[in-house]
Amino acid sequence: MVTVAKGVPLVGRDAELRLLGGLVERVRETGGSVVVRGEAGIGKSALLLAAGRMAADGGLRVLRTAGVEAESQVAFAGLYQLLRPVVGQVEELPGPQRDAVSAAFGGMHGVAPDLFLIALGTLNLVADAAARAPVLLVVEDVQWLDRASADVLAFVARRLEFEPVVLLAAVRDGFPSSFDGAGLPELRPGRLTDPEATAVLDARTPGLRPAVRDRVLAEAAGNPLALVELPFVVGKAEDGTATVAASWLPLTTRLEEAFAARVSELPTATRVLLLVAALNDGDLWSETLAAAVVVGGEDLTVDDLTPAIDVRLVEVDGGRVWFRHPLMRSAIHQRAGLGQRQRVHAALAGVLRGQADRRAWHRAAATVGRDEEVAAELEAAAARAQWVGGVETAVFALERAAQLSEDPGLRGERLLRAAELAFELGRQHLVVRLLRQTEPIELSERQRSRLVWIRDRFDDGIRDVAAGARSLTELAGRVAEDGDTGFALKLLWGAALRCFWAEPGRAVRDEVVAVAERLLVSPRDGRLLAILAYAAPVERAAVVLDRLYWLAAHEKTPMRAARLADAAILMGAFDLGVGFSTTAIAALRSQGRLGLLARCLGAQALSAAHLGDLSVAIPAAEEASRLTRETTQPVMHATARAAEAMIAALRGEEDRAEALATEAERVALPVAASPVLATVRHARGLAALGGGRNAEAYEHLRRLFDATEPAYHLMLRCYAVGDLVEAAIHSGHPVDDVVLDMETLARTSRSPVLHAGLRYARALLAADTEAEELFEVALRADLARWPFARARVQLAYGGWLRRQRRVAESREHLRTARDTFDALGILPWAERARRELRASGETSRRRVPDARDQLTPQELQIAQLAAAGLTNREIGEKLYLSHRTISSHLHRIFPKLQVTARAALRGALSPPESTVM
């Protein structure tokens, strides 16, 4: 029986202990994470404590941290507490990671690190420590960790499969945390059974009178902590020496009352020390003691804390003091009067003179009314927090600074900056709360413009399309007249997004374009081109494409490339889209900007899928899907899933394509995200087309061209012209109206995908007397970077020649098409080419499975990078994985590809020769 404290068994938790013990025992073979979730007092802390003891007995190094429900917020405070024993090893990390982690802990200044670069550094720091001895990470009360620490630890928790590391995180029910929806295994300890509850009570408090015993069992209702704590106050209530919280109050409240009652009987000096420890956002005993001396006005020592240790309220070890349960801390906090708390915070601020951020928060908690000096200190703390990636901490610091501001203009400015940061976090409730506080303040014209921008951009352009686009455009015009071109471009980008996500009408789109083209910016500015592409993808296609092709040849600035990729993809210039997104991805990886990286990977995946380059599309889509989930971008995640559905359709994986399409549709339908819905329909149409179900394919694809359908999109329909015509002619459906509409559109638009689709469609629809010339026209077009489109023309042309009894001529086109589809891994079309060749009387060849068939998307990506000559550490830095994880993946990859060394990977990744059947 595992014990939590000496001689005290942990009752009713055998299954939970077996699970945690198994993780600890197997840690040298495989790591992992578990979230222990449940109500207050259910035994989460006891389980983590038991796991820690099992780990220590097994030779593991145990690192701990805990969230603190406090009046202060310091970015990465919880993470530093966890890593303090190994922080000396930070110098061993690669340069960018070393600098990022050092900056997070206040050790250096320079370029602001991204949160995810800090997270990668943390992962490698823990992994390097685990190489010396396996590590158990214990994280208590995740819901009260500073958000930056919690985000980093959630990132680490998802990447421990191949590390000798186990992470256990305790989260209380009813509180949001970064571990919600993280996809991690969860353990939910339930309430104890009646016999188990009786055993706990009798073991911890033997000899209770029957009436007291029965009442405790009834009120505890199987909650382990209640069984331990309630006997104390219930017994005194029965004796008439104390009151007890009414049984109808929440159990959490009754437990807090129980702890408060225990504290009230302690000596005065002990109570002072406990109050300081409860309000201190750190755990160093030296800080608590120094501040308590100031508050109590007398010399205190650790001996004054002994009474609290004896009754198991706190523990002191290694210079640290911590509460055995967070309810003990909150009970002490709530029982203290406001004046007492302010005196303690003031004392802590005096003790922490060398720690500017913590000092600022404690000064703020000690302040009543307005105080500009303290407000300025908090504003500086917010800037430091934002600089190291602690954006949520910066939001709360700016909000508190606003409340302390003496000048209304400064108050409004701080609230608006906080709202802008809250928008970056995707916290709508915070944005609303902060903007509401600006209502009584007389804002400047510039501040009112920012308020409108924040309010209107929160939905990412998905809702309130026409009104939102028009108001943002009008505001952009006024801002531009005042000379703020940069802000005007931001406003217009918000308006253009609305034009992309739904159709606001030609008049609204024309207004966006008119204001954009009046701005004093370079005509090749990537921001301007993206606005024009999104607002007027047909009307401004020629000018946007001309500038994009020029920039592709002359512009190599990585950070401009992300917007250029957006513009290129919407124009249907997928070859440019792949090039620009590849350039942007390299820069975003190095900077750790995973939110933007996820979007850019999605753009790369869609572009490559349309070109048929699945070796690029498969890993890009998988990583985009994973990162959009990690960075909490639900609509972008749906976009990535739709791209994965399209890739699965091209691979002939119809069940997977439908599952992915359905998942994307679930997110996109409620918000009417037509680009996602269009991609979903396109994916379903391709799956049906590849499976030979032409009538079904027609029904899916036709919806992209029907303005009354949710999947209709002004530009994305252009991607599917050839697919629709192919489905129509093989299922007997009319399609003349769509082709006529697209031909009219093509006279204005120079979209490469539209013109390629129409060339294919014309050949398919032509009479036999005209078809040959139209097929030749389609093949003479520059499709060198569009191999899928070219192979489809060759397949259709070869089939037409065979039906014209020109069998010998047909075979050349059919062979080329087959070989191209084989090389691309587009299996349904490769099989169609084989069927056509068999019909022509030629024995075809069987395709040999390649790396795309044998490896997972992530394994394929790692193999490609290793084949390019990157080391494990370099691959890990790119993919935000530890180098040991990369090594483990490669050990799985080698036997799958039947190679034994990295040098052989390049050949193994090349499409194999087909074999004669």
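**Entry 1: the cavity**

How many cavities of 30 Å³ or more does the count come to? I got one cavity of 30 Å³ or more. A note to myself before going on: this is a predicted model, in which local features need pLDDT of at least 70 and side-chain atom pairs count only at pLDDT 80 or more, while totals for chains, interfaces and linings use all residues. Residues are numbered from 1 along each chain as its sequence is written, and side-chain values use heavy atoms, with hydrogens and water left out.

For the search I kept to this rule: on a 1 Å grid over the protein atoms alone, a cavity is a set of points where a 1.4 Å probe fits but cannot get out, and lining residues have an atom within 4 Å of a point. Points are joined across faces, edges and corners, and the volume is the space filled by probe spheres set on the points. Rolling a probe the size of a water molecule over the atoms shows where empty space is left.

The largest cavity has a volume of about 330 Å³. It is lined by 24 residues, and Y719, D723, V753, A789 and R792 are the closest to its centre. I then looked up which helices supply the lining (helices are DSSP runs of H or I with at least four residues, strands are runs of E with at least two, both numbered from the N terminus). Helix 29 (594-611), helix 31 (634-651), helix 33 (674-690), helix 35 (721-731), helix 37 (752-765) and helix 39 (787-803) each give at least two residues. Helix 37 has the largest share, five residues.

I also sorted the lining by class and found 17 nonpolar, four polar and three charged residues. In this scheme Ala, Val, Leu, Ile, Met, Phe, Trp, Tyr, Cys and Pro are nonpolar, Asp, Glu, Lys and Arg are charged, and the others, Gly among them, are polar.

**Entry 2: helix 16**

Next I asked why helix 16 counts as largely enclosed by the rest of the structure. Eight of its ten residues (356-365) are buried, so the rest of the structure largely encloses it. Buried means under 20% relative accessible area, exposed over 50%, and partly exposed in between, using a 1.4 Å probe and protein chains only. The buried ones are R358, R359, A360, W361, H362, R363, A364 and A365.

I looked for what covers them, taking contact as heavy atoms within 4.5 Å. The cover includes helix 11 (268-279), helix 12 (285-296), helix 15 (338-351), helix 17 (372-387) and helix 18 (391-404). While there I checked R341, which lies in helix 15 and is buried at 16% relative accessible area.

I traced an open sheet of five strands, in the order 4-5-6-3-7 with parallel pairing. Strand 4 and strand 7 (186-187) are the edges, each pairing on one side only. Two strands pair if DSSP finds at least two bridges between them.

Strand 5 (135-140) took most of my time here. Six of its six residues are buried. Strand 5 pairs with strand 4 (61-66) over six bridges, in the parallel sense, and L63 stands opposite L137. Five bridges join strand 5 to strand 6 (165-172), again parallel, with V135 opposite V165. Strand 6 is also joined to strand 3 (32-38) by seven parallel bridges, and there G38 has R172 as its bridge partner.

**Entry 3: cysteines**

How many disulfides does the count come to? The count is zero, taking a disulfide as a pair of cysteine sulfur atoms within 2.5 Å. For C499, the closest cysteine sulfur is in C718, 16 Å away, which is too far for a bond. C499 is buried at 6% relative accessible area, and C718 is buried at 1%.

**Entry 4: positive phi**

Most residues other than glycine have a negative phi, and most peptide bonds are trans. I noted two residues with positive values. A672 has a phi near 50° and sits in the loop between helix 32 (654-668) and helix 33. Y880 has a phi near 60°, in the loop between helix 44 (872-879) and helix 45 (883-897).

Are these two buried or exposed? A672 is partly exposed, with a relative accessible area of 45%, whereas Y880 is buried at 1%.

Technical notes
On a 1 Å grid over the protein atoms alone, a cavity is a set of points where a 1.4 Å probe fits but cannot get out, and a pocket is an open set with protein on both sides within 12 Å along at least five of seven lines; lining residues have an atom within 4 Å of a point.
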